[in-house]
Amino acid sequence: MEDQHMVDEARFWDFLEAAWAPLGAEVDRARSALATRTPAPGEDFDGKPPFAVVDGALDGFLDNLTANSRGLSAEELTAFDRVVERKLHDIDREDVHAVTDGSDDGFLYARGFIVALGRDFYAAVVRDPRTAVLDADCEGMCYFFAHLHRRRFGDFPDTGSGLSRESFSNPAGWLAPA
């Protein structure tokens, strides 16, 4: 099962990259700038910070992701939803929340942004939560594949993981008060 999860995860990240690719080199450079920056502001892109460039491209990314998902089976949608669920759960951490802030929903949407930006940004935030962006959100990513599954097959997928993607549900990510 672990091997299949790794295959699903690799395919998931490649699938996200394919949705970003048509949005152009500037968006790709802005995503890279966010992933490789120190917590100080990054370079400007035509007078805009990298976050503004990426934030402005999120709707196009989600549209591309929708188009690219048309031929996916129920099993493939479930596998991708399981990866999203795991990734959101794994960064449901106090140190990430300290940077992104947000209420229950706001923190979920901030984590959706982290996942949506792809493997490099996600890995950068896992390594150093200060790489995350305050007030960034991508609500559409949080249940993207689950909603597609429901629209196409009539129900939400059962990922079988027992994990919750909801905020503050990962006990390992939140230190109990001393």
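Modeller: First, a term: helices (H or I, at least four residues) and strands (E, at least two) are DSSP runs, numbered from the N terminus. On that basis T100 sits in helix α5, residues 94-100.

Biologist: What should I know about the model itself?

Modeller: It is a predicted model: local features need pLDDT of at least 70, side-chain atom pairs count only at pLDDT 80 or more, and totals for chains, interfaces and linings use all residues. Residues are numbered from 1 along each chain as its sequence is written, and side-chain values use heavy atoms, with hydrogens and water left out.

Biologist: Back to T100. Buried or exposed?

Modeller: T100 is buried, at 5% relative accessible area. Buried means under 20%, exposed over 50%, and partly exposed in between (1.4 Å probe, protein chains only).

Biologist: What does T100 touch?

Modeller: Not counting residues up to four places away in sequence, T100 touches F107, A110, I114, A132, V133, L134 and D135. Touching, or contact, means heavy atoms within 4.5 Å.

Biologist: D135 is on that list. Where is D135?

Modeller: D135 is in the loop between α7 and α8 (139-142). D135 is exposed, with a relative accessible area of 60%. Its phi is near 65°, a positive value in a residue other than glycine.

Biologist: And F168, what is its phi?

Modeller: Phi of F168 is also near 65°, positive in a residue other than glycine. F168 lies in the segment after α9 and is partly exposed at 35% relative accessible area.

Biologist: New topic. How many residues has helix α6?

Modeller: Helix α6 (residues 104-116) has 13 residues. From its first C-alpha to its last it reaches 18 Å, close to the 18 Å expected at 1.5 Å a residue. The expected span is 1.5 Å times one less than the number of residues.

Biologist: Which residues of α6 are buried?

Modeller: F107, L108, A110, R111, G112, F113, I114, V115 and A116. Just after α6, G118 takes a positive phi of about 110°.

Biologist: How do α6 and helix α7 pack?

Modeller: α6 and α7 (residues 119-127) pack at about 125°, with axes 6 Å apart. That makes α6 oblique to α7. Angles under 35 degrees count as roughly parallel, over 145 as roughly antiparallel, 65 to 115 as roughly perpendicular and the rest as oblique. Axes are lines fitted to C-alpha atoms, for helices over the stretch in contact, and angles run from 0 to 180 degrees between N-to-C directions.

Biologist: Which residues make the contact?

Modeller: F113, I114 and V115 of α6, with F121, Y122 and V125 of α7. By class, that is six nonpolar, no polar and no charged residues. Ala, Val, Leu, Ile, Met, Phe, Trp, Tyr, Cys and Pro count as nonpolar, Asp, Glu, Lys and Arg as charged, and the others, Gly among them, as polar.

Biologist: Now α4 and α9. At what angle do they pack?

Modeller: Helix α4 (residues 74-90) and helix α9 (residues 144-153) pack at about 155°, with their axes 8 Å apart. That makes α4 roughly antiparallel to α9.

Biologist: Is the crossing of α4 and α9 left-handed or right-handed?

Modeller: Left-handed. A crossing is left-handed if the near helix is turned anticlockwise from the far one by less than a right angle, and right-handed if clockwise. On the α4 side the contact uses A74, L77, T78, F80, D81 and V84. On the α9 side are F145, A146, L148, H149, R152 and F153. By class, the contact has eight nonpolar, two polar and two charged residues.

Biologist: What is A74 in contact with?

Modeller: Beyond its neighbours within four places in sequence, A74 contacts H149 and F153. A74 counts as buried, at 18% relative accessibility.

Biologist: How does α4 pass α6?

Modeller: In a right-handed crossing. Their axes come within 10 Å and cross at roughly 115°. K87, L88 and H89 in α4 meet L108, R111, G112 and V115 in α6.

Biologist: K87, buried or exposed?

Modeller: Buried, with a relative accessible area of 9%. Leaving aside neighbours within four places, K87 is in contact with E9, W13, V115 and Y122.

Biologist: Where is W13?

Modeller: W13 is in helix α1 (residues 2-20). W13 counts as buried at 3% relative accessibility. With neighbours within four places set aside, W13 contacts K87, V115, G118, R119 and Y122.
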